[in-house]
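Subject: Structure handover

Hello,

Here is the structure I promised to pass on. Please open it first, then read my notes below.

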Amino acid sequence: MPDPLDHPDFFEVQNLFTVKDLFDARVHYGHTMGTLNEHMRQFILGSRQGTLIFDLDQTAELLRDALNFIAHIAFRGGIILFVARYKQNSYIIEKTALECGEFCHTRNWFMGTFTDPQRFGMMTRLPDLTIFLNTLDSVFEIHNGVLESNKLLIPSVGIVDTNCFPNYITYPVPGNDDSPQSTELYCKLFKEAILRGKTKRKEFIEKYCKQS
């Protein structure tokens, strides 16, 4: 049986988008210069009228890495949780999770959701991957879900805007984290990566289980 880990792009996610797609979705627009987190400086191309601009070549490379990882998690039957904070984008995120058979959390995150074993009163399987459409809970405060994922060593993919702290995210994707256009593009790509992973999983099961 071939090992997907031996292939650089087993799920063919590298060509799902172009840099122009990112530009058209306004992914390159960051926040104002005064809100820059110094850890995000490496991803900045420059500024325009006081607004920071992302280097979309870097964004594209990191986004492709994230999509590849997402597809691998789906291929292995992992549970994937979409997490977001901004209410204006909650519908598209919830719809995306439903369409690819995964889960989402778009409400207030109570500390202990992952780390408090008494919260659910039973044995609960935690996600194998968290996808954060927003990594902040407020302008500068890190989302509690990001902190809890780190504590429990749950891998994460996260959109990190210019005011974010990217070091807590396993696969950070620098880009706009609040515009409807960018959120719609992220959701489209994440869903496609998940579905490709699940399709390959189904093909492998049907082919190699019958042989054994």
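Two strands pair if DSSP finds at least two bridges between them. Keep that in mind for the sheets. One more thing before we start: this is a predicted model.

**The five-stranded sheet**

Strand β4 (residues 80–83) and strand β6 (residues 129–132) are joined by four bridges, and they pair in the parallel sense. Look at V83: its opposite number in β6 is F132. These two strands belong to an open sheet of five, in the order β5-β4-β6-β7-β8, with parallel pairing. β5 (103–105) and β8 (171–174) are the edges. Each has a single partner strand, so one side of each is left without a neighbour in the sheet. From one strand to the next, the twist averages 20°.

Helix α4 (residues 144–151) has buried residues N144, G145, V146, E148 and S149. β6 is part of what covers them. After α4 comes L153, with a positive phi near 60°.

**The three-stranded sheet**

Another open sheet has three strands, ordered β1-β3-β2, and its pairing is antiparallel. Neighbouring strands are turned by 30° against each other on average, direction ignored.

Two bridges connect β1 with β3 (residues 51–54). T32 faces T51 in β3. Between β2 and β3 there are four bridges. S47 has L52 as its bridge partner in β3. β2 and β3 also make a hairpin, with two residues between them. Q49 sits in that turn and has a positive phi of about 50°.

**A buried arginine**

What does R64 do without a salt bridge? First, its place: R64 is in helix α2 (residues 56–75). R64 is buried, and the nearest side chain of opposite charge, D57, is 7.4 Å away. A salt bridge needs the nitrogen and oxygen within 4 Å. The R64 side chain instead reaches the backbone oxygen of Q14 at 2.7 Å. Beyond its neighbours within four places in sequence, R64 contacts V13, Q14, F17 and T18.

**Salt bridges**

Side chains of opposite charge can pair when their charged atoms come close. How many salt bridges are there? The count is nine.

One of them joins E102 and K198, at 2.8 Å from N to O. This pair links distant parts of the chain, 96 residues apart. E102 is in the loop between α3 (90–99) and β5, while K198 is in helix α5. E102 counts as buried because its relative accessibility is 11%. K198, at 27%, counts as partly exposed.

Next, E192 and R196 form a salt bridge at 2.7 Å, N to O. They are four residues apart in helix α5, so about one helical turn separates them. E192 is partly exposed at 28% relative accessible area, and R196 is partly exposed at 24%.

R125 pairs with D128, and their closest N and O atoms are 2.7 Å apart. R125 is exposed at 53%, whereas D128 is partly exposed at 29%. Finally, K95, E99 and K191 are linked in a network of salt bridges.

**One last residue**

K202 is in helix α5 (residues 180–211). Is K202 buried or exposed? K202 counts as exposed, because its relative accessibility is 53%. Its C-alpha atom is 8.4 Å from that of F75, although K202 and F75 are 127 residues apart along the chain.

Over to you.

Best wishes

Terms used. Residues are numbered from 1 along each chain as its sequence is written. This is a predicted model: local features need pLDDT of at least 70, side-chain atom pairs count only at pLDDT 80 or more; totals for chains, interfaces and linings use all residues. Side-chain values use heavy atoms; hydrogens and water are left out. Axes are lines fitted to C-alpha atoms, for helices over the stretch in contact, and angles run from 0 to 180 degrees between N-to-C directions. Buried means under 20% relative accessible area, exposed over 50%, partly exposed in between (1.4 Å probe, protein chains only). Lys and Arg count as positive and Asp and Glu as negative; His and the chain ends are not counted. A polar contact is a pair of N or O atoms within 3.5 Å; within protein, one must be able to donate a hydrogen and the other to accept it, and residues adjacent in sequence count only if both atoms are side-chain atoms. Contact means heavy atoms within 4.5 Å.
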